Amino acid sequence: APRTPGTQAGAIAPRCGAAAGFLPLVALVGRPNVGKSSLFNRLAGSRKAIVDPTPGVTRDRHYEKITWNDRRFILVDTGGLESDTTTEINRLIQEQTSQAVAEADVVLFLLDGREGILPDDQEVVEILRRSGKKVFYLINKIDAPEQAAKLLPTFYELGVEELWPVSAEHGQGIGDLLDRVAAELPPAQEPGEEVSAEDTVGVAFIGRPNVGKSSLINRLLGEERMVVSNLPGTTRDSVDTLLTRADKKYLLIDTAGIRRKGKVHEKVEKFSVLRALRTLERCDLALIVIDALEGVTEQDTKVLGYGLERGRACLVLLNKWDLIEHDRKQQQRLLEDVKRAVHFAGYAPVHRVSALTGHGLGKLFPLIDKVAEQYRRKFTTAVLNRILEEAVQAHPPALHKGRRVKLNYVTQIASSPPTLIIFTNDPKGIHFSYSRFLVNRFREALGLEQVPLRIFFRHKR
Ligand code: GDP
Ligand code: GDP
């Protein structure tokens, strides 16, 4: 419910990523064209795009937080995560399925009711069955009840117990499905008492294998006067590390694989976008680690995009700077690539480091502190309203359908990231360019240069 104007900032929900515990993850898997994105959109509803002064926010969403019967979960369309068109489709689906099985709590495997079983579907079902995860087998494009009788029987050859006829396009079967999915989900997990929203910053190192994540973490943890303790994480094989430094607390999220690898040689893991998403969900600050010699990959760009979508503060770490220290050309190329990649997360600071030489590491925690402070900052309604007033005076919104658009007042409804609501007589009448103008104005006036800022428009009652 919209808050009343004049409520003071003290009442703002002190939500922060790390302290919000973790949400269960539900993954949609299936071949192209079976209807995954249709189903995703149906389940996610038509959410209004987040306003941020960045292009790219209107692109397709593959990732959404959903609430159903009081259970909250994250829905991911795995088909939208990869754009690797070079891999053969069957291998791609198997790969996606394996990742979903490793990371998700519930898997929705989608088949096309009109196509029947295709070669290799059985193999995917095998992977799913062996996983022991809860899987729902959905037969899509059953648009009318009489079609179920005709189209469903051939799918029993897959040997699965229960089939769910649905129509992503028309909505049939979706409510029942969600009821059951919600019932299967573990309750959202609260963090232990060692971690509090108020004083712990959730930090995640995200990056492809071999960019130097474990080297960085081990080097940082090796610093003097650092108190370190391991906390059980949220999945079987994850461990969070609680770290106290100069009286400040940081939760390094999901460091199990990363730290283990630093000691023993392990087989190189594949980069899992799903895992990155899961980690993004829990952190305040995502350190996106890039190998300076290798440069920015598409996966890095994607993770940055998801960070933005999720409203996370992101910090780009160009590791192995020592390798290109004397190579001006590569430096230039790299920095241009980074600029392009962070284009749609323009607030993300870029920092050069070397886990090998220690270059840049002394400044890392101060930078983290600065960003985290902005991320959690709270503002009074009076301050916000003054900025709004000045912005509107300098540059009033354009008429909409011949009517004046009034921006009545503004209030902060959340921090981590700072989130504002502006009440107006005409939420639909605010042009995208105008909301971008406002975001930039607020960002500047509030000193929020390095974190995302969200503004929503609500109808004034
Ligand atoms: P994806 O590649 O798995 O994400 O599949 P899309 O969601 O893009 O859907 C592929 C095609 O199937 C599109 O043309 C959709 O309109 C169509 N489609 C999706 N769901 C349904 C459905 O429930 N009924 C019918 N008749 N068509 C559907
Ligand atoms: P992770 O898979 O991201 O955890 O990467 P690792 O920390 O295991 O590092 C992969 C390889 O890169 C190892 O051989 C490291 O010694 C090397 N490495 C890591 N950081 C640096 C760095 O800053 N400079 C150089 N030259 N090598 C590095």
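This dialogue discusses how to read several features of a predicted model.

Colleague: Which conventions apply to numbering and to confidence thresholds?

Modeller: Residues are numbered from 1 along each chain as its sequence is written, while chains are lettered from A and ligands numbered from 1 in the order in which they are written. The model is predicted, and local features need pLDDT of at least 70, side-chain atom pairs count only at pLDDT 80 or more, and totals for chains, interfaces and linings use all residues.

Colleague: What is the mean pLDDT of the protein, and which elements have the lowest and highest values?

Modeller: pLDDT is the predictor's confidence in each residue, from 0 to 100. Here the protein has a mean of 83, with 82% of its residues at 70 or more. Helices and strands are DSSP runs (H or I, at least four residues, for helices; E, at least two, for strands), numbered from the N terminus. Among the elements, α8 has the lowest mean pLDDT (58), and helix α13 (residues 381-394) has the highest (97). The model scores are ipTM 0.81 and pTM 0.78.

Colleague: Over which residues does pLDDT stay under 50?

Modeller: Residues 1-16 form one such stretch, with 34 contacts beyond four places in sequence. Residues 47-59 form another, with 25 contacts of that kind. Two residues are in contact if their C-beta atoms, placed from the backbone, lie within 7 Å.

Colleague: How is the crossing of α9 and α10 to be read?

Modeller: Axes are lines fitted to C-alpha atoms, for helices over the stretch in contact, and angles run from 0 to 180 degrees between N-to-C directions. Angles under 35 degrees count as roughly parallel, over 145 as roughly antiparallel, 65 to 115 as roughly perpendicular and the rest as oblique. The axes of helix α9 (residues 273-282) and helix α10 (residues 298-309) come within 10 Å and cross at roughly 30°. Therefore α9 is roughly parallel to α10. On the α9 side, the contact is made by Val273, Ala276, Leu277 and Leu280, and on the α10 side by Gln299, Lys302, Val303, Tyr306 and Gly307. These residues comprise six nonpolar, two polar and one charged. The classes are nonpolar (Ala, Val, Leu, Ile, Met, Phe, Trp, Tyr, Cys and Pro), charged (Asp, Glu, Lys and Arg) and polar (the others, Gly among them).

Colleague: Which residues of α3 and α9 meet?

Modeller: The axes of helix α3 (residues 89-103) and α9 come within 9 Å, crossing at roughly 30°. The two helices are therefore roughly parallel to each other. Gln99, Ala100 and Glu103 of α3 meet Leu274, Arg275 and Arg278 of α9. This contact of α3 with α9 has two nonpolar, one polar and three charged residues.

Colleague: Which residues come closest to each ligand?

Modeller: A residue is near a molecule if its C-beta atom, placed from the backbone, lies within 6 Å of it. Around ligand 1 there are 15 residues, the closest being Gly35, Lys36, Ser37, Ser38 and Glu169. Helix α1 (residues 36-44) supplies the largest share of that shell, three residues. By class, the shell around ligand 1 has three nonpolar, eight polar and four charged residues. Around ligand 2 there are 17 residues, of which Gly212, Lys213, Ser214, Ser215 and Leu356 come nearest. Both α7 (213-221) and α8 (256-263) supply at least two residues of the shell around ligand 2, and α7 gives the most, with three.

Colleague: Where is the cis peptide bond?

Modeller: The bond from serine 416 to proline 417 is cis, with omega near -5°. Proline 417 lies in the loop between β14 (407-414) and β15 (419-424).
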